[in-house]
Amino acid sequence: MTDHDLLTRIDANLEAFMNKVNEHIKEDKIAFEKLDKKVDSNSRIIWMAIGALSLMSVLIKLVA
């Protein structure tokens, strides 16, 4: 009888642990989506700045 009780407790603990892990995975997906949006917008700004600096350097060479 004690082996059965122990196995029942282990099963209950594992089930609770897996539920917490699944919740954590869902929270991570949401957090990573937010971070990806921020990184995409920052990368867009950086590439636009590089393009603007390149254009300015070409215009300065043409004018000078």
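Student: Where does L62 lie?
Tutor: L62 lies in helix α1, which covers residues 2–63; helices (H or I, at least four residues) and strands (E, at least two) are DSSP runs numbered from the N terminus. Keep in mind that this is a predicted model, where local features need pLDDT of at least 70, side-chain atom pairs count only at pLDDT 80 or more, and totals for chains, interfaces and linings use all residues. Residues are numbered from 1 along each chain as its sequence is written, and side-chain values use heavy atoms, with hydrogens and water left out.

Student: Okay, and is L62 buried or exposed?
Tutor: L62 is exposed, because its relative accessible area is 66%. Buried means under 20% relative accessible area, exposed over 50%, and partly exposed in between (1.4 Å probe, protein chains only).

Student: How many helices and strands does the protein have?
Tutor: The protein has 1 helix and 0 strands.

Student: Then what share of the residues counts as buried?
Tutor: That would be 0% of the 64 residues.

Student: What about overall dimensions, like the box its C-alpha atoms fill?
Tutor: Along the principal axes, the box is roughly 95 × 15 × 5 Å. The radius of gyration is 27 Å, while a compact globule of 64 residues would have one near 11 Å. That radius is taken over C-alpha atoms, and the globule rule is 2.2 Å times the number of residues to the power 0.38.

Student: Switching to M56: where is it placed, and how far is its C-alpha atom from that of L6?
Tutor: M56 is also in helix α1. The C-alpha atoms of M56 and L6 are separated by 73 Å, with the two residues 50 apart along the chain.

Student: Why does M56 count as partly exposed?
Tutor: M56 counts as partly exposed because its relative accessibility is 47%.
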